[in-house]
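Please open the structure in your viewer and follow the stops below in order. Each stop says what to select and what is found there.

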Amino acid sequence: MNTTDTTPTIPPVASLSQRLARVIELVGGKHAVVLGGFSLAATLLLTVAYSLTKEPIEQSALEDLRHSLEQVIPASIHDNNPAGDTLQLQVDGSPVLVYRARQAKQITGIAFETSTRGYGGDIRVLLGIDQNGKLLGVRVLHHTETPGLGDKIEVTRSSWITRFTGLSLGDPPDAQWAVKKDGGPFDQFAGATITPRAVVNGVRDGLRLFAAHRETLLQEATP
Amino acid sequence: MSQARDIIFDGVWRNNVVFSQMLSLCPALAVTSAATQGLGMGLATMAVLVASNALVALLRGLITDEVRIPAFVLIIATLVTIVDLVMNAWLHELHKVLGLFIPLIVVNCLILGRAESFACKNSVALSALDGLAMGAGFTLALTLMGALREIGGSGTVFSGAANLLGPAMGVLETRLYSGDGALVMILPAGGFIVLGLMIAAKRTLDAHKKAPRPQPASVHSSSPAAAAP
């Protein structure tokens with residue numbers, strides 16, 4: 001009956017400050033204004049910070065990639081910029097980004113990222129492989145292994161990862177791609193077997209991927 | 001200034017975040033498998049805590065009591081995100097080392113705890129000092145725990161310090177004995193053992209010190225400046 005009476009209305013002859021006070025009361029009082037104001041300020045600040053830092057962050061990510069690529073593809077075998085010469089390869093429905101190193105337009109080596117399941121999550125490994133299928137270098141890009149145990153796969157902590165350089169799919173033989181505990185030639189770490197085992201498997205899988213897609217990978221398309 | 005001295009002593013020792021307030025135990029247990037990591041987490045937390053305390057103190061007049069908790073959370077989350085972005089953009093080398101810890105700071109209850117119990121009742125300068133002292137206490141606790149676990153578990157102390165603090169600090173990296181130590185010290189169980197032992201040690205020290213001249217225990221209360229009527 002009296003629904004129209006209970007609906008709060010702004011008096012038609014009210015000063016601006018009175019109207020404002022009424023509006024504030026309608027939306028829930030001072031608290032809502034405080035919290036809303038803070039949210040608005042936070043959003044604004046974050047937007048500004050994000051747009052200011054976007055480009056430098058992308059720049060440094062690119063720099064990191066270039067630095068990692070330098071470690072798995074020696075500068076002596078290419079005269080191009082592998083980070084800028086990429087190929088999108090479809091492997092089992094998921095894309096693999098391949099970086100190509102060229103000397104006088106000839107592909108001399110490639111690098112790509114492969115992922116393997118470690119102890120604490122995925123380990124992302126960057127492989128550099130020359131045109132004959134021999135490993136030029138291996139580096140771990142990202143991992144969440146146990147600090148102090150599994151992190152010896154980082155090159156800054158141990159030289160373990162450099163053990164792979166020069167190896168290929170037949171050397172050691174396929175069945176021998178394993179840590180010493182499993183009968184292979186690769187060292188495990190004291191207290192951590194799962195991590196090195198995962199990396200060994202990941203590197204072997206990467207080499208298999210190279211063998212399976214060799215033609216496409218080494219195809220001489222102009223960059 | 002005795003108030004400032006009180007704040008410093010409170011943050012670093014008497015009311016230490018980890019050993020007395022028993023706050024922030026999650027990062028304290030998770031990152032202290034090595035001294036360098038404890039130090040990194042401690043320093044990153046200290047920087048955020050000083051800034052968030054100062055900011056909360058600065059804005060305390062604007063924040064109404066009923067919505068203070070969400071407002072604090074908003075301030076802290078915004079601050080940490082901006083610190084993360086800025087470090088990633090312009091201090092990239094440092095970010096590569098500390099970047100792992102920064103998102104963890106958002107959920108560190110120490111930051112909210114200090115905003116609630118100190119910064120919203122005190123001046124900007126005192127709040128910043130409180131952040132510095134509490135952060136220093138946190139850093140001290142984490143570095144100590146990390147050192148003990150690293151010595152017991154890996155036989156080294158401050159390994160990787162050159163990565164965190166620059167090549168000059170590589171001299172800190174020391175190997176105390178060859179070979180690996182007791183594995184359990186690096187695993188989570190070792191964290192609990194070391195934490196328990198260190199809390200017991202602090203209590204014993206405090207009780208020892210208190211014995212000659214009895215004073216009201218302040219281990220459980222929050223900082224005296226905040227608790228004062």
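Two residues are in contact if their C-beta atoms, placed from the backbone, lie within 7 Å. This is a predicted model, in which local features need pLDDT of at least 70, side-chain atom pairs count only at pLDDT 80 or more, and totals for chains, interfaces and linings use all residues. Residues are numbered from 1 along each chain as its sequence is written, while chains are lettered from A and ligands numbered from 1 in the order in which they are written.

**Stop 1: where the chains meet**

Show both chains. Chain A brings 21 residues to the contact and chain B brings 26 residues. On the side of chain A that touches chain B, 13 residues are nonpolar, 7 polar and 1 charged. For this count Ala, Val, Leu, Ile, Met, Phe, Trp, Tyr, Cys and Pro are nonpolar, Asp, Glu, Lys and Arg are charged, and the others, Gly among them, are polar.

**Stop 2: chain B as a whole**

Select chain B. Its elements are 11 helices and 2 strands. Helices (H or I, at least four residues) and strands (E, at least two) are DSSP runs, numbered from the N terminus. Read from the N terminus on, the order is α-α-α-α-α-α-α-α-β-α-β-α-α.

Along the principal axes, the C-alpha atoms of chain B fill a box of roughly 55 × 55 × 30 Å.

Of the 229 residues in chain B, 45% are buried. A residue is buried if 20 or more other C-beta atoms lie within 10 Å of its own, exposed if 12 or fewer, and partly exposed in between, with C-beta atoms placed from the backbone. Among contacts in chain B between residues at least 6 apart in sequence, 77% join residues at least 24 apart.

**Stop 3: the nonpolar cores**

A nonpolar core is a set of buried Ala, Val, Leu, Ile, Met, Phe, Trp, Tyr and Cys residues joined through C-beta atoms within 7 Å. Select B:Ala44, B:Val48, B:Val56 and B:Ala141, which touch the most other members of the largest core, a set of 59 residues. Elements of chain B that give two or more residues to this core include α3 (35–59), α4 (68–90) and α8 (124–153). The largest share, 14 residues, comes from α8(B).

Now centre on B:Val48. Not counting residues up to four places away in sequence, B:Val48 touches B:Leu79, B:Val80, B:Val83, B:Ile105 and B:Ile111. A second, separate core has 33 residues, among them A:Ala111, A:Phe164, A:Trp177 and A:Phe210.

**Stop 4: a loop in chain B**

Select B:Met22, in the loop between α1 and α2 of chain B. Its phi is near 55°, a positive value in a residue other than glycine. B:Met22 counts as exposed because it has 12 C-beta neighbours inside 10 Å.

**Stop 5: the domains of chain A**

Colour residues 16–64 of chain A as domain 1 and residues 73–218 as domain 2. These bounds come from an automatic or database domain assignment. The C-alpha centres of the two domains of chain A lie 45 Å apart.

Next, pick A:Ala83, in the loop between α3 (29–72) and β1 (86–91) of chain A. Leaving aside neighbours within four places in sequence, A:Ala83 is in contact with A:Leu62, A:Leu65, A:Arg66, A:Leu69 and A:Tyr99. A:Ala83 is partly exposed, with 16 other C-beta atoms within 10 Å.

**Stop 6: paired strands in chain A**

Two strands pair if DSSP finds at least two bridges between them. Select β3 (residues 106–117) and β4 (residues 122–130) of chain A, which pair in the antiparallel sense over 9 bridges. Here A:Phe112 stands opposite A:Leu127 in β4(A). The two strands form a hairpin with 4 residues between them, and A:Gly121 in the turn has a positive phi of about 145°.

A:Val125 stands opposite A:Val140 in β5(A). Since 6 of the 8 residues of β5(A) are buried, this strand is largely enclosed by the rest of the structure.

**Stop 7: a cis peptide bond**

Finish at A:Pro172, in the loop between β5 and α4 (194–212) of chain A. The peptide bond from A:Asp171 to A:Pro172 is cis, with omega near 0°.
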